[in-house]
Amino acid sequence: MGKDVSSASGTPIRRSGQKRATTLWRDTNFLRFWTGQAISQFGTQLGQLAFPVLAVTLLGATEFEVGALSASGLAAFLLIGLPAGAWVDRWLKRRTMIVADLIRMAAMAAVPLLWWTGSLQIWHLFLISGVMGTATVFFDISYQSYVPALVPSANVPEANSKLESTAQIARIGGPGAGGGLLLLVSAPVLFLGEVLGYLLSAVFLLRTRDNEHRAPAHQRRPLVKEIREGLVFVFRHPLISRIVVCTAGVSFFATLALTLFPVLVLRILDLGPQNMGVIMAVGAAGGLVGAVSAPKIASWIGEGTVIPLGSALSALFLALVPFSVLAPNQLVSAVMLVVAEFGFGFGVLIYNIMQVSMRQRVCPPRLLGRMNASIRFVVWGVMPVAALASGVLGSWLGVTTTMWIGVAGSLACCAPVWFSPLRRMKKLPDAPEKD
């Protein structure tokens with residue numbers, strides 16, 4: 001893979017003349033990392049299905065409580081997202097991910113324990129979701145900043161495609177398997193699969209090797225100045241700034257619509273948790289198709305063009321979710337939701353793979369953590385607000401009306417990338433900004 005050198009901050013960077021690896025299938029280090037994340041993703045999907053089923057069907061959560069539960073898991077991105085990026089740039093990213101995995105493992109293990117002792121209440125889920133969200137902030141920022149340290153710059157899109165492909169495979173198999181298991185066991189038992197996933201992720205990260213070094217203490221500046229540097233880079237970059245505005249807007253309105261998705265499926269349409277698992281799995285299949293085909297589609301129509309196209313497609317398919325309540329029977333409703341989830345997943349993944357790959361390639365290595373944290377702060381920071389708003393609007397205006405507001409807003413927020421140079425850009429920049 002070539003020799004690494006370190007930036008001024010101690011973060012390993014690749015030599016600009018480093019050649020693209022023939023294939024990442026021969027990169028043992030990347031394969032270890034990839035394997036651990038694939039296993040972890042499958043376990044996570046069991047928990048993703050179990051959480052809303054547990055809240056809605058077993059604990060009788062209201063629309064507002066469903067929104068508050070979603071918000072509690074996302075609030076950390078808003079509350080600590082910015083300083084987390086500066087801290088991650090100071091820390092060893094692999095070690096940070098290992099600690100985050102172990103914390104998430106312990107938090108998830110508390111759910112079945114509380115259930116079996118007969119003491120589980122909805123406020124327990126709020127607390128556990130908050131702990132999970134906090135650990136996930138540090139894991140995700142480290143994760144996106146770590147990929148460029150594992151593979152050459154030219155292989156970053158391929159690495160992201162592989163990682164997202166297995167994530168989508170997990171999203172296909174996880175909810176489907178979870179739905180089947182719910183016929184045999186109660187929802188809290190599914191959390192044990194997530195516990196095992198985080199444990200194995202930590203084990204494989206322990207076996208992954210890199211040349212990353214902690215930034216020397218004497219080179220650090222005050223935390224506020226380091227945070228500001230990341231924000232300035234993001235909002236002054238002519239392409240990244242447009243992507244952030246689009247992604248944040250779509251994230252807000254899609255969260256507004258999809259927070260109440262379990263209520264729509266389990267209460268209004270009465271499709272049951274097993275069918276909900278199938279719908280989620282098929283949606284993940286759309287994401288898998290998008291993840292696998294993103295590089296090929298980009299070569300056909302242009303790397304930049306994929307970004308506005310993906311954002312528009314995802315918003316259009318989202319409209320089928322509230323449309324499903326107008327179907328004449330449950331079968332047609334289920335089919336509409338399947339198509340909606342497939343198309344939405346496809347659009348989101350081709351959008352994400354290309355824009356994330358570009359961000360990783362153009363950002364100076366010493367700013368990767370802060371760049372990713374700044375974007376996560378904006379993009380994910382709006383989501384707990386949207387989740388709470390969804391709960392309030394759902395109780396006030398109704399579930400479907402709230403979803404239609406989300407659909408309209410998602411379409412409108414595609415404008416920053418649709419009316420931009422990205423739409424006609426055949427090749428995205430692939431070299432770091434001069435630093």
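Mentor: We will go from the whole chain to single residues.

Mentor: One caution first. This is a predicted model.

Trainee: How many helices and strands are there in the protein chain?

Mentor: There are 18 helices and two strands. The chain has 435 residues, and 58% of them count as buried.

Trainee: What does the accessible surface come to, and what share belongs to carbon and sulfur atoms?

Mentor: The surface is about 17400 Å². Carbon and sulfur atoms hold 67% of that surface.

Trainee: What share of the contacts with a separation of 6 or more comes from residues 24 or more positions apart?

Mentor: Such pairs make up 87% of those contacts.

Trainee: Next, helices. What is the general idea for the way residues point?

Mentor: An α-helix has 3.6 residues a turn, so residues three or four places apart point the same way.

Trainee: How many residues of helix α3 are buried?

Mentor: Helix α3 spans residues 81-90, and nine of its 10 residues are buried. They are G81, L82, P83, A84, G85, A86, V88, D89 and R90.

Trainee: Which helices do the buried residues of α3 pack against?

Mentor: Their partners are α2 (63-79), α4, α5, α8 (223-236) and α15 (368-379).

Trainee: And outside? Which residues make the nonpolar surface patch?

Mentor: V99, I103, W123, L127 and V131 form it, over about 440 Å². Two elements give two or more residues each: α4 (93-116) and α5 (122-150). Helix α5 gives the most, with three residues.

Trainee: Take one member. Where does V99 lie, and what is its relative accessible area?

Mentor: V99 sits in helix α4. Its relative accessible area is 43%, so V99 is classed as partly exposed.

Trainee: On to charges. What is the general idea behind a salt bridge?

Mentor: Side chains of opposite charge can pair when their charged atoms come close. Here the structure holds seven salt bridges.

Trainee: What is the N to O distance between E226 and R90?

Mentor: Their side chains meet at 3.2 Å, N to O. E226 is in helix α8 and R90 in helix α3, so follow the chain between them: the two are 136 residues apart. 

Trainee: Are E226 and R90 buried or exposed?

Mentor: E226 has 7% relative accessibility, so E226 counts as buried. R90 has 16%, so R90 counts as buried too.

Trainee: Which helices hold D140 and R376?

Mentor: The side chains of D140 and R376 meet in a salt bridge at 3.0 Å, N to O. D140 lies in helix α5 and R376 in helix α15, so the pair ties together parts 236 residues apart in sequence. Both D140 and R376 are buried.

Trainee: Where do K427 and E303 lie?

Mentor: The side chains of K427 and E303 form a salt bridge at 3.5 Å, N to O. K427 is in the segment after α18 (415-418), and E303 is in helix α12 (residues 303-318). They are 124 residues apart. K427 counts as exposed because its relative accessibility is 52%. E303 is buried, with a relative accessible area of 13%.

Trainee: Which residues are linked in a network with K427?

Mentor: E303, R361 and K427 are linked in a network of salt bridges.

Trainee: What is the phi of D270?

Mentor: Phi of D270 is near 55°, a positive value in a residue other than glycine. D270 lies in the loop between α10 (261-268) and α11 (272-301). D270 is exposed, with a relative accessible area of 52%.

Note on methods. Residues numbered from 1 in each chain as written. Predicted model: local features only at pLDDT ≥ 70, side-chain atom pairs only at ≥ 80, totals over all residues. Heavy atoms only, no water. Patch = residues over 30% accessible without salt bridge, like charges linked within 9 Å, V, L, I, M, F, W, Y side chains within 5 Å. Areas by Shrake-Rupley, 256 points an atom, 1.4 Å probe, with all protein chains shown as cover. Salt bridge = Lys/Arg side-chain N within 4 Å of Asp/Glu carboxyl O. Helix = DSSP H or I, 4+ residues; strand = E, 2+ residues; numbered from the N terminus. Buried < 20%, exposed > 50% of the residue type's maximum accessible area, 1.4 Å probe, protein only. Contact = heavy atoms within 4.5 Å.
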